[in-house]
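Subject: Structure handover

Hi,

Here is the structure I promised to pass on. Please open it alongside these notes.

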Amino acid sequence: MVGFSLRFLMAKKTALLLRRKLPLRRRKQPDLTLTSRIRRRRIEPSLHLPLDLVAEILCRLSVKQLSQLRCVCKSWNSLISEDCNFAKKQLRLSTTSSSCQDHRHHLFLKSSQFLHLQCPISNIFINSKDATISSYYLKEGKSIGGYVSTCDGILCYMIDNSSVLLFNPSIRSKFIILPSLKFPEETITSISYTLLYDRFVDSYKVIAFNALSTKREVSVHILGTDYWTRIQDFPILESGQSLLDNREGIFVSDSVNWLVSEFIVSLDLENESYQKLSLPPVSNVQLRTSRFVTLGTLRGCLSLLLSGKCFADVWIMKEFGNEKSWTKLLTVPYFKEWGVLRINKVLYISEDHQVLMEIFAKCVGEYKYMLVVYDSINNTFQFPEFQNKIYDDMVPEVYVESLISPFYIVNNHSNLPP
């Protein structure tokens, strides 16, 4: 009996020694997200890496990934949600990296239902079936009209004729309604609003342009203040000259630009003065016979769309202010299947030359605005399927995802440079 006990104890001791030398086989764990792995280990990331090094790593991630990582710990949440320098660096890296431009640009659709299409532009080019639609409604119940202006991921909508709403759909920020712009009762108003970042004073601003007034007043609001300031009026146009596009001005290269019948009026933000820019070298006949002419931005440059009877030309000014740098980017032919009257707007051109456009065309016996993807290499097109779920006219706009919150800017009087 004693011998058996000794053998049992020796076997048990041997087994314990073997366990220490030979690692136990573990069951294969399922793939876990970064957040869940850190949670499982119950560690505080900032205890292992300096926070500035953590910030240097995280700022290279997308907004969607960063939104998921806010719950890892308090220091990460504060960094992602409240750190102004982190937000601006993440935005700068996302807009300068050529490898991820299509993924970080998103499409937004505004209709009477205030729709937001949660889908990167790249998904629309690859397979429009992957696009999903979410709806956002104003708690105040106010209707939203007019065009869309966007800057650094913030969208700017006209609520009524005297005020605007700001919203960042990437981070589901709270709606911000700016102070109303007051006019004398006898003044006829048709206001367009342009959201921009003024690097000369390190502030986000909204430019308001009253196109129907006699003096064509221009006012500016700095986010974080509670007032509007009137600046130099829009230049007086000569007889026969008129604004061709009464929507919001186009913000590009520290300027706001409006299209006039024979030239472009550009407001320089540094000295708040106006200058004239020439149009691309097209004939007067082509300009007069174009069904639709509109300004925009493509690939970071000022762009001009000339929509004719059978095709549309797209021009860009590669070097802003240099009128000799106007370059024809592409010509889009009209397809019989479109039943198209005109191309209304070129929204985005991908690195592989796919073009997302808004057209005005005949569909099922009626004319309506629609989106179309044109492959300029293979000369083919497709209609994204997600728009079949929308039964109202829509205003599309492309924005870049960002962490910048208009709510944080306004309530903390902190303006974030890009």
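Below are the notes, taken element by element.

First, the ground rules. This is a predicted model: local features need pLDDT of at least 70, side-chain atom pairs count only at pLDDT 80 or more, and totals for chains, interfaces and linings use all residues. Numbering starts from 1 along each chain as its sequence is written, and side-chain values use heavy atoms, with hydrogens and water left out.

Helix 6

Helices (H or I, at least four residues) and strands (E, at least two) are DSSP runs, numbered from the N terminus. Helix 6 covers residues 84-96, 13 residues in total. From first C-alpha to last it reaches 19 Å, close to the 18 Å expected at 1.5 Å a residue. That expected span is 1.5 Å times one less than the number of residues.

Five names to look for here: Phe86, Ala87, Gln90, Leu91 and Ser94 are buried in helix 6. They sit on the same side of the helix, because they cover an arc of only 130° around the axis. The arc is that of the directions from the helix axis to the C-beta atoms. Buried means under 20% relative accessible area, exposed over 50%, and partly exposed in between (1.4 Å probe, protein chains only).

Asp83 caps the N-terminal end of helix 6. One of its side-chain oxygens lies 3.0 Å from the backbone nitrogen of Asn85.

Surface patch

Leu49, Leu53 and Ile57 form a nonpolar patch on the surface, with about 240 Å² of accessible area together (Shrake-Rupley method, 1.4 Å probe). Patch residues have over 30% relative accessible area and no salt bridge; nonpolar side chains are joined within 5 Å. A salt bridge is a side-chain nitrogen of Lys or Arg within 4 Å of a carboxyl oxygen of Asp or Glu. Leu53 belongs to helix 3 (residues 51-58). Its relative accessible area is 38%, so Leu53 is partly exposed.

Ser149

Ser149 is in strand 4 (residues 145-151). It is buried, at 5% relative accessible area. A polar atom of the Ser149 side chain lies 2.8 Å from the backbone nitrogen of Leu195.

Positive phi

Most residues other than glycine have a negative phi. Which loop holds Arg299? The one between strand 16 (292-298) and strand 17 (301-307). Phi of Arg299 is near 55°, and Arg299 is partly exposed at 44% relative accessibility. His353 also has a positive phi, about 65°. His353 lies in the loop between strand 20 (340-349) and strand 21 (354-363). It is partly exposed, at 36%.

Best wishes

Note on methods:
A polar contact is a pair of N or O atoms within 3.5 Å; within protein, one must be able to donate a hydrogen and the other to accept it, and residues adjacent in sequence count only if both atoms are side-chain atoms. Patches are made of residues with over 30% relative accessible area and no salt bridge: like charges are joined within 9 Å, nonpolar side chains (Val, Leu, Ile, Met, Phe, Trp, Tyr) within 5 Å.
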